Amino acid sequence: MALVDPKTAPGAATFPTEASWSDASKDLLCLTTGSWRTEKPIVVVEKCTYCGQCYLFCPTQCITPGETYFPIDLTYCKGCGICAKECPTQAIVMVADGDEADGSPADQT
Amino acid sequence: MEAQRTKPDPTPEQRRVITGNAAAAHAVRLCRPGVIATYPITPQSEVIETLENFHVNGTLDCEMIAVEGENSAQNIVCAAATAGERVFTATSSYGLVFMYDAMLQTAGYRAPVVMVNVNREPPGIHAVCSGQQDMIATRDSGWLQVIAETGQEIMDLVIMAYRLAEDDDIQLPIMVNYDGYYLSYLAEAISIPSQQAVDDFLAPLCAQPARPALRPGTGMGAGAHGLGTGFVELRRKHLLAMERAKDKFDEVDALFAADFGRTYGGQIECYRTDDAELVLVTSGSAVGTARTVIDAQRDAGIKVGLVKLRMFRPFPRQRLAAVLHGRQAIGVLDRSVAFGWDCGPIYQEIRALTPEIGIVPLLGYIDGLANMDIPKPHIETIVTDLAAAARGESRPPVSWLVAGA
């Protein structure tokens, strides 16, 4: 298929402007880095001492303080496993992603 | 672009003997950038020193940001340009390649940064010497690249660079190149335009639709990931903008001529080419020497002309093909090399126009590396070669003219 001129092809463009500008309050173009993952972290809530090491170490900053533990936003978690490695009480375990029978708690899938 | 600043205008048009570096600094002052970030490097340092003087004595009202290196300088002016400011930076050689990743970012963001690059040999074989190799090392960075021949042209080209880069239809960074030492440090009588004339010349930029701008408190993404079709769309837009920049540069040159009375021909200048059987193509300060030789050869009855390459990126394919078509022999003089091609880069790219130009002797010459002079006898040798090749005599496709070679 031939390339079209994005300036003269209405509706064909991802970007409404000449440069790569997007409105962050609406449709900021971003990467859902969670799709890169092969393993995902599961928090064993009973073992969590709320020390916050996982929150401090997470390179993608997808771990944030919750009520009793630190939930992980799997939309952006790349599955690097640093949180599981650093957790002093082994309250985070890495499991193969995409496995329906992994026993994940309902709020951590 | 924000409205022009309202500093008093103390500067009428004047004619002064100044260096090429000072000419660049005066031009920048007259264009009233809001942010300047530059790191010193030979032979560019005089540009930033002169601008610092203007800043201290109150004739230049801007943010002058001291940085620890050229990489930071480029990142700062890129960010300031995406915030909507008019910006300036300058560098050379090692400094240019130290900001290479940031240059790619600036181009991808379509940030209209104006940068002076004072040509000097880049790292490898250490040489604090003139040569266009630094510019060539960044030719695929997505920047516009233009080349000046004289101190006056440095002045005028910097002013034209703002008009071109910030044009709503272009929105690209531009690198204004001139030969280190030969142009940076030599002084000549240069006309410095009045503030009012430059304000008037750049005023149409303020009347354009406002570009999007990063502002505190607003959620705007610049250079956000455009994967897949988004990425392809941005690449395609970038290439199309570079194609448009060629005619736009001709247009800006004509507008400049109307305002200031000086014209340079836009992408290329054709000198005594109308009935020329032989044509020499070159760029930068070597053009002045070539012009003198062409005049002498014309007096001797040789029908030889000169094409001065003023725009290297985008490459003026159409105008070069038009002027080079139908000649009996063509010579190209390069002040740098194309690794892997055993020739000079301008020669290499003109060779790519062979289908448009036709098959005639096309001879490349490498000269003037590392501050080696390009004297008149070297240009005379080229003309003699071209005449012989046009008669059917064999000549090597590429020759090195440096003394002793």
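Is B:Asp156 buried or exposed? In this predicted model, B:Asp156 is buried, and its relative accessible area is 0%. Its side chain meets that of B:Arg262 in a salt bridge, with 2.6 Å from N to O. The two residues belong to separate elements of chain B. B:Asp156 lies in helix H7 (residues 151-165), whereas B:Arg262 lies in the loop between helix H9 (229-260) and strand S10 (268-271), so the pair ties together parts that are 106 residues apart in sequence. B:Arg262 also counts as buried, at 19% relative accessibility. The cut-off for this class is under 20%.

A second salt bridge joins the side chains of B:Asp253 and B:Arg310, at 3.8 Å from N to O. B:Asp253 is in helix H9 of chain B, and B:Arg310 is in the loop between strand S12 (304-309) and strand S13 (311-313), so parts 57 residues apart in sequence are tied together. Both B:Asp253 and B:Arg310 are buried. They also take part in a network of salt bridges, which links them with B:Glu149, B:Glu153, B:Glu269, B:Arg291 and B:Lys308.

Another salt bridge involves residues of other accessibility classes. B:Arg391 pairs with B:Glu393, and their closest N and O atoms are 3.3 Å apart. B:Arg391 is exposed, with a relative accessible area of 60%. B:Glu393 is partly exposed, at 37%. Over all chains, the search of the whole structure finds 29 salt bridges.

In one of them, the ring centres of A:Tyr55 and A:Phe70 are 5.6 Å apart and the planes meet at 25 degrees, so the pair is stacked. This pair links distant parts of chain A, 15 residues apart: A:Tyr55 is in helix H1 (residues 53-57), and A:Phe70 is in the loop between H1 and helix H2 (82-86). A:Tyr55 is partly exposed, with a relative accessible area of 39%. A:Phe70 counts as buried, at 6%.

In chain B, B:Phe312 and B:Phe315 form an edge-to-face pair, with 6.0 Å from centre to centre and 85 degrees between the planes. B:Phe312 counts as buried at 0% relative accessibility, and B:Phe315 counts as buried at 7%.

Charged groups also sit over rings in chain B. The charged end of B:Arg29 is placed over the ring of B:Phe54, 5.3 Å from the ring centre. B:Arg163 lies over the face of B:Phe201, at 5.1 Å from the centre of that ring.

Technical notes
Residues numbered from 1 in each chain as written. Chains lettered and ligands numbered in written order. Predicted model: local features only at pLDDT ≥ 70, side-chain atom pairs only at ≥ 80, totals over all residues. Heavy atoms only, no water. Salt bridge = Lys/Arg side-chain N within 4 Å of Asp/Glu carboxyl O. Helix = DSSP H or I, 4+ residues; strand = E, 2+ residues; numbered from the N terminus. Buried < 20%, exposed > 50% of the residue type's maximum accessible area, 1.4 Å probe, protein only. Phe/Tyr/Trp six-rings, centres within 6.5 Å; stacked < 30°, edge-to-face > 60°. Lys NZ or Arg CZ within 6 Å of the ring centre and 35° of its normal.
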